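Subject: Structure handover

Hello,

Here is the structure for you to look over. My notes follow below it.

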Amino acid sequence: MARKRQIDPVYPLEQEIAQLSIPARYFYILSWCHMDDETGVLPYDIFMLKGQIFPADDIDVGAIIQEIITMRRYFLFEAEGKRWLWCPTMPKHQTINHPSKRKYPSPPKTLQEDYRSGKLALPLSRVELSRVEREEKKQPYWAAFSDKTQEELKTVSKEFNIYQLLGRLKKTKGVEIPEAVINRICASYTRNKPGVKKLWPWFIVTTQREWEAWNAEQNVKESETRRSEARAPVASAIAQILAGMKLK
């Protein structure tokens, strides 16, 4: 049984959709109603699809389907002795709270892997990119830290919710603590946790102290690097003079 679907109001602005003919756009959007909720698969049955989408129109549905395949919004595969169309983006832009029981076969794993790897997919449209960007913005900044730091955070979080404190500092002060400082804070807590009574004051004081110490270390390293770079031309000149003296 066909199902209701959602249509994003900016969907017509997508590059791939704009390049489809108007009948193909209409057909493509309404074809979602006949796809499996979870997989985005529907039968490649021209007679059935024409009857459901263009029941009273003299339109070549086969040509429309091929047009959509060319734009890589459908992918054709065979299973159970029949041909099927797979729309990998359909489940992504639909909110389905109560998915229906699956009626059609899933696409072959090789086809799904090729799509995920980017071998088959066109570049993300503007609508899809905006969704990706929104999801990335939802990720906390410490999600990009190394596996070692993630483990340290998990260990400390068993004692107190350090993630909440990091998030609170980000929200109230707009501060993102560098990964190296996070390492120092975790190490400090591990050493001193028996004496930590009030977490937020301790966290603020420790963060400030460890950040200042880290900055001081960075400044020393930068100074040493600058001195080394300044000495290098002098050392090279002296070496050349000595080499010249030996030749004489």
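Lysine 148 counts as exposed, at 57% relative accessibility. The cut-offs are under 20% relative accessible area for buried, over 50% for exposed and partly exposed in between, with a 1.4 Å probe and protein chains only. This is a predicted model: local features need pLDDT of at least 70, side-chain atom pairs count only at pLDDT 80 or more, and totals for chains, interfaces and linings use all residues. Residues are numbered from 1 along each chain as its sequence is written, and side-chain values use heavy atoms, with hydrogens and water left out.

The side chain of lysine 148 meets that of glutamate 152 in a salt bridge, 2.7 Å from N to O. (A salt bridge is a side-chain nitrogen of Lys or Arg within 4 Å of a carboxyl oxygen of Asp or Glu.) Lysine 148 and glutamate 152 are four residues apart in helix α7, so about one helical turn separates them. An α-helix has 3.6 residues a turn, so residues three or four places apart point the same way.

Which residues of α7 are buried? In this helix, residues 147-157, they are Thr149, Gln150, Leu153 and Val156. Seen down the axis of α7, they fall within an arc of 130 degrees, so they line one face of the helix. (The arc is taken over the directions from the helix axis to the C-beta atoms.) Asp147 and Lys148 are exposed on the other side of α7. The cover over the buried residues of α7 includes α8 (162-173) and α9 (179-192).

Glutamate 210 forms a salt bridge with arginine 184, with the closest N and O atoms 2.9 Å apart. This pair links distant parts of the chain: glutamate 210 sits in helix α10 (residues 199-247) and arginine 184 in helix α9, 26 residues apart. Glutamate 210 is buried, at 8% relative accessible area. Arginine 184 is partly exposed, at 23%.

Arginine 184 also meets glutamate 217 in a salt bridge, 3.1 Å from N to O. Here too distant parts of the chain are linked, arginine 184 in α9 and glutamate 217 in α10, 33 residues apart. Glutamate 217 is partly exposed, with a relative accessible area of 36%. Arg184, Arg209, Glu210 and Glu217 are linked in a network of salt bridges. The count by this rule comes to seven salt bridges.

**Largest pocket**

The largest pocket holds about 160 Å³ of space. (On a 1 Å grid over the protein atoms alone, a pocket is an open set of points where a 1.4 Å probe fits, with protein on both sides within 12 Å along at least five of seven lines; lining residues have an atom within 4 Å of a point.) Among its lining residues are Glu38, Trp86, Lys92, Tyr115 and Arg116. Helix α5 (residues 109-116) gives the most to this lining, with three residues. The lining divides into five nonpolar, three polar and three charged residues.

**Whole chain**

The protein chain has 10 helices and three strands. (These are DSSP runs numbered from the N terminus: helices are H or I, at least four residues, and strands are E, at least two.) Of its 248 residues, 33% count as buried. Among contacts with a separation of 6 or more, 67% join residues 24 or more positions apart. (Contact means heavy atoms within 4.5 Å.)

Best wishes

Key. Points joined across faces, edges and corners; volume = space filled by probe spheres on them. Nonpolar A, V, L, I, M, F, W, Y, C, P; charged D, E, K, R; others polar.
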